[in-house]
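Here are my notes on this model. Please read them alongside the coordinates.

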Amino acid sequence: MSEAHNEHESLIKTPKQLIAAVIAGFLVPIVIIVLLVNYVGNNALTGAGSSAMTEKAIAERIAPVAKVEVKDASAPRVYQTGEQLYKAVCAACHAAGTAGAPKVGSADWAPRIAQGYDEMLKIALAGKGAMPARGGTSPDDVTDYEIGRAIVYMANASGGKLQEPTAPAQPASGAAAAPASGAPAAASGADAGSAAAAAAAMASLKTAAPAAAGAGSNLDAGKKLYDTVCMACHASGVMNAPKFGDKAAWAPRIATGIDTLHNAALKGLNAMPPKGGAANASDDDVKAAVDYMVSAAK
């Protein structure tokens, strides 16, 4: 009987033990709550005071999508190196040989190197297969010279020994910008016979087309159409188009008369489509573009 009584006897026997039990009943839950709050608070915060609210993070989020860059047309142009243009544009296909592009560093370049620099440049400017003209770049952003440097870089990295192309002359300080970025200068290496033929052709133009000269040909409109359409071929001589400013190339054409040149531009000739592909251009603007290119070959 005494053993059963001891089993049911309370553990609290004194007032002090009772007070301690009551205090523990309050403190234990409080301690548990504090520990839970600290555990939850150790997680990364996404509100105020977190890394997402730093000045750098905020500046990145509110940064404008596009920027306007104003360039001085008369300032000397800084050209990209062949390696820079390759990494920025060409590597997208030529680094891995995508879409049939010759892979840099492979034997795929051997037959192309054998064709010579001029042929490779011609293909790069006009496009071939899956490669768009100029590798998809704009002549306003990437010049023929820069494309040539990229070709030399890729060819030499694939076993070639090509020389760097000659850099175009920089415009004089305060001079107007060239008619087209990367447009080659007038041929300076023409022999005496070619120069004489060009001079004779110009003389014949002055006598054969006084009406055209007196009609007030709008060279400004011609330059505008040249910069947007004609330069695609005439700036670098693509598809045998006479290069802008090349007296020797233009002389035999000028000798045929200004009316013949106008008609060829309007109706198309060989690889050149009617109006140079600018179907919406007026006949007067097309003629003005021809006059502008002829005037540059004087």
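1. pLDDT is the predictor's confidence in each residue, from 0 to 100. This is a predicted model. The mean pLDDT of the chain is 76. Of its residues, 73% reach 70 or more.

2. Helix H7 (residues 144–156) has the highest, at a mean of 93. Helix H9 (residues 210–214) has the lowest, at 39.

3. Two stretches need care. Residues 174–195 have pLDDT below 50, yet the model gives this stretch 29 contacts beyond near neighbours in sequence. Residues 201–217 are also below 50, with 15 such contacts. Where pLDDT is low, the predicted coordinates should not be read in detail.

4. H7 is largely enclosed by the rest of the structure, because 11 of its 13 residues are buried.

5. The largest nonpolar core has 21 residues. Leu-225, Tyr-226 and Val-294 have the most contacts inside it. Helices H10 (219–234), H11 (247–254), H12 (258–267) and H13 (283–296) each give two or more residues to this core. H13 supplies the largest share, 6 residues.

6. A second, separate core has 17 residues. Val-104, Ile-113, Met-120 and Ala-124 are among them.

Terms used. Residues numbered from 1 in each chain as written. Predicted model: local features only at pLDDT ≥ 70, side-chain atom pairs only at ≥ 80, totals over all residues. Heavy atoms only, no water. Helix = DSSP H or I, 4+ residues; strand = E, 2+ residues; numbered from the N terminus. Contact = heavy atoms within 4.5 Å. Core = buried A, V, L, I, M, F, W, Y, C linked by side-chain atoms within 4.5 Å. Buried < 20%, exposed > 50% of the residue type's maximum accessible area, 1.4 Å probe, protein only.
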